Amino acid sequence: LKCNGKLVTVNGHKIHVYTDGNADAPAIVFMSGHCTVAPVYDFKVLYEKLLHNFRVIVIEKFGYGYSDICDSPCDIDTLVSIQREALTALGESGPYILAPHSMSGIEAIRWKQKFPDEVSAIVGIDMATPLSFSVWTEEDIKKTVRLMQVLRRLKLASILSSVSNLSLTEDEFKQHRLLKKRNTFNTCCINEAKEVLNNARVVGEDGDIQCPTLLFSSNGQDQERDWVENQQKFAVSMGAKLISYDCGHYIHHFKSEEMCKEIIEFVNSLER
């Protein structure tokens, strides 16, 4: 494995952070969805189109991409703290535009709740909110964890992880395949799944945030019931613009061109 970003030490373990783009432009921080094996490659199809307009940062949490796999706590405040510490170790400073995909949506909301001055805006990529987990039960989580463990044990896990073929070089595809074998349904991902209901509860109980927000939503067909309706409810609570696409959950794999234009327009509107 050969990483394309920088490794920094947080809590005694290595975290991989990729940075690129315009150093004088606003910083946009991509935060990956649950079990995305290599965020730095997963998001490339989108962030490569934003390099002129932004300082692009991709954080790979423990268990993701080139970061260490370790038995780190996965409560929401620790997840946010680890990412903030990684950025600080690299000399980065906010305010950031957070761009969370899927489950990291609750991490982005928590970041804004606890450190409001560090977050200037949120760009949600089919992001989860506390509402997203309202239909889940503890038994649902137990079943999900058992399935993850079985797939990992049978070495079937890696067939479930895809990446856009529009942007990666041949070497990057090879790296992605290696990371699938190493990372899919690892200890960190399983621990995150075990904590997600409690994390969503903590974020939900801390109340709404006020933050300029742009939301991209999928058609919800590969997500939990009421996914689209809950995206709409969150948009209303945030006073956010919601853009819906008739595609799957990894919407940046399908709609990167359209998303790029919307993100640039949204951030430009903040600066007026």
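Predicted model: local features only at pLDDT ≥ 70, side-chain atom pairs only at ≥ 80, totals over all residues.
**View 1. Packing of helix α3 against helix α4.** Two packed helices are described by the angle between their axes and the distance between the axes. Helix α3 spans residues 76-89 and helix α4 spans residues 105-114; their axes lie 9 Å apart and form an angle of about 75 degrees. This angle makes α3 roughly perpendicular to α4, because angles of 65 to 115 degrees are assigned to that class.

**View 2. Residues at the contact of α3 with α4.** On the α3 side, the contact is formed by I76, D77, L79, V80, Q83, R84 and L87. These residues meet I106, E107, R110, W111 and K114 of α4. By residue class, the contact of α3 with α4 comprises 6 nonpolar, 1 polar and 5 charged residues.

**View 3. A salt-bridge network that includes residues of the helix contact.** Side chains of opposite charge can pair when their charged atoms come close. D77, R110, K114 and D206 are joined in a network of salt bridges. Within the contact described above, D77 belongs to α3, whereas R110 and K114 belong to α4.

**View 4. The salt bridge between E118 and R84.** The closest N and O atoms of E118 and R84 are 2.7 Å apart. E118 is located in the loop between α4 and β6 (119-125) and R84 in helix α3, so the pair ties together parts that are 34 residues apart in sequence. E118 has a relative accessibility of 22% and therefore counts as partly exposed. R84 is also one of the α3 residues that meet α4.

**View 5. The salt bridge between K2 and D171.** In this pair, the closest N and O atoms are separated by 3.6 Å. D171 is partly exposed, at 36% relative accessibility.

**View 6. The salt bridge between K233 and E229 within helix α8.** The closest N and O atoms of K233 and E229 lie 3.3 Å apart. Both residues belong to helix α8 (residues 227-238), where they are 4 residues apart and so are separated by about one helical turn. K233 is partly exposed, with a relative accessible area of 43%. E229 is likewise partly exposed, with a relative accessible area of 39%. The count for the model comes to 15 salt bridges.

Terms used:
Residues numbered from 1 in each chain as written. Heavy atoms only, no water. Axes fitted to C-alpha atoms, helices over the stretch in contact; angles between N-to-C directions. Helix = DSSP H or I, 4+ residues; strand = E, 2+ residues; numbered from the N terminus. Parallel < 35°, antiparallel > 145°, perpendicular 65-115°, else oblique. Contact = heavy atoms within 4.5 Å. Nonpolar A, V, L, I, M, F, W, Y, C, P; charged D, E, K, R; others polar. Salt bridge = Lys/Arg side-chain N within 4 Å of Asp/Glu carboxyl O. Buried < 20%, exposed > 50% of the residue type's maximum accessible area, 1.4 Å probe, protein only.
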